[in-house]
Amino acid sequence: MAAVASRFAGLCASLKNRRRERTPAVFIHSLSLCSSPLSPASSSASPYTKLASHCHFFHRFTTRMEFWSQGSIDTNEGLVEQLKQYGAIQSNKVAEVMKTINRALFVPEGSPAYVDSPMPIGYNATISAPHMHATCLELLKEHLQPGMRALDIGSGTGYLTACFALMVGPHGHAVGVEHIPELVASSISSIKKSAAASLLEDGVLSVHVGDGRLGWPELAPYDAIHVGAAAPEIPPALLEQLKPGGRMVIPVGSYFQDLKVVDKNPDGSISVHSATSVRYVPLTSRGTQLQGY
Ligand code: SAH
């Protein structure tokens, strides 16, 4: 175990150095696609977790190994339980909403619904991995209270928009903006089969075709803004549409990306911190996306 641990420590150090130098590395890419939140689920001081506290990449890799070694999951509840054990879900609120919205309704037919991985959904887009959905819900949960307004940019399959709608409830608003019309249509038909169907019918939840970089001014300001695609920088329109006291979660960067948590303070000033390293598809023009970036 010590030998394995030291080999991985070396690998981690070299990956970190590469990262500083911003040299592309395929291994980083594949790890990032499987990115997990920083807070480990396991509190036991195993050699893995001890090393993990020194090495972000090692932690990610080993928690994935632990996760995968527990066998395949074939129910939405099972997935939620795994995400709880794994530390991606930390609150009952997020567990409840992820149990209520069945991921299987949102992944393309034939895709394994309960695998903790992003899945292609066509048009050079992906549904985010369940642990990333959980991470974003955890980061935003205080801003998704009943009656609040949520904006989901790059809503893709509509999975998170549906979760937001359930959380803000019948007196709130959850708005999805997606620039691929076919994805908007399929997200609406998935939502209609889900536990958020009545909220769609009542207009609490809506999904629109549009350029998400411009936000959705009609229902601004928003308590919570989620961006499901990586922006080179935080779009000014989204900052403008964030309510004082509100929070935006947005991946920022090109190859290497950070999940930024942007808080608009009550006086209108902005505080930003990074939650974790991630790998999302770009927030871009429809043409660039359809050409494969
Ligand atoms: N949260 C979604 C993520 C989908 S992937 C899910 O898990 O299903 C990111 C999405 O952002 C894609 O559907 C892509 O089409 C969309 N997107 C990229 N750039 C965009 C833009 N400028 N405006 C709106 N949507 C955009």
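Predicted model: local features only at pLDDT ≥ 70, side-chain atom pairs only at ≥ 80, totals over all residues.
**View 1. Helix 6 packs against helix 8.**
Here two helices meet with their axes 10 Å apart and at an angle of about 120°. That angle makes helix 6 oblique to helix 8, and the crossing is right-handed. On the helix 6 side, look for Lys93, Val97, Met98 and Thr100. Their counterparts in the contact are Tyr159, Cys163, Leu166 and Met167 of helix 8. Keep an eye on tyrosine 159, which returns in the next view with an aromatic partner, phenylalanine 106.

**View 2. Phenylalanine 106 and tyrosine 159 form an aromatic pair.**
The structure holds two aromatic pairs, and this view is centred on one of them. The ring centres of phenylalanine 106 and tyrosine 159 are 5.6 Å apart and the planes are at 90°, so the pair is edge-to-face. Phenylalanine 106 belongs to the loop between helix 6 (92-100) and strand 1 (119-122), while tyrosine 159 is in helix 8 (residues 159-168), so the pair ties together parts that are 53 residues apart in sequence.

**View 3. Tyrosine 255 and phenylalanine 256 make another edge-to-face pair.**
With ring centres 5.2 Å apart and planes at 80°, tyrosine 255 and phenylalanine 256 count as edge-to-face, because planes over 60 degrees apart fall in that class. Tyrosine 255 is partly exposed, its relative accessible area being 26%. Phenylalanine 256, by contrast, is buried at 11%, a value under the 20% limit for that label. Which residue lies over the face of tyrosine 255? It is arginine 279, at 4.1 Å from the ring centre.

**View 4. Alanine 196 is buried in a loop.**
Find alanine 196 in the loop between helix 9 (181-193) and helix 10 (197-201). Its relative accessible area is 0%, so alanine 196 is buried. Leaving aside residues up to four places away in sequence, alanine 196 touches Ile101, Ala162, Leu166, Ile191 and Leu205. You have already met one of these neighbours: Leu166 also takes part in the contact between helix 6 and helix 8.

Note on methods. Residues numbered from 1 in each chain as written. Heavy atoms only, no water. Helix = DSSP H or I, 4+ residues; strand = E, 2+ residues; numbered from the N terminus. Buried < 20%, exposed > 50% of the residue type's maximum accessible area, 1.4 Å probe, protein only. Contact = heavy atoms within 4.5 Å. Phe/Tyr/Trp six-rings, centres within 6.5 Å; stacked < 30°, edge-to-face > 60°. Lys NZ or Arg CZ within 6 Å of the ring centre and 35° of its normal. Axes fitted to C-alpha atoms, helices over the stretch in contact; angles between N-to-C directions. Parallel < 35°, antiparallel > 145°, perpendicular 65-115°, else oblique. Left-handed = near helix turned anticlockwise from the far one by under 90°.
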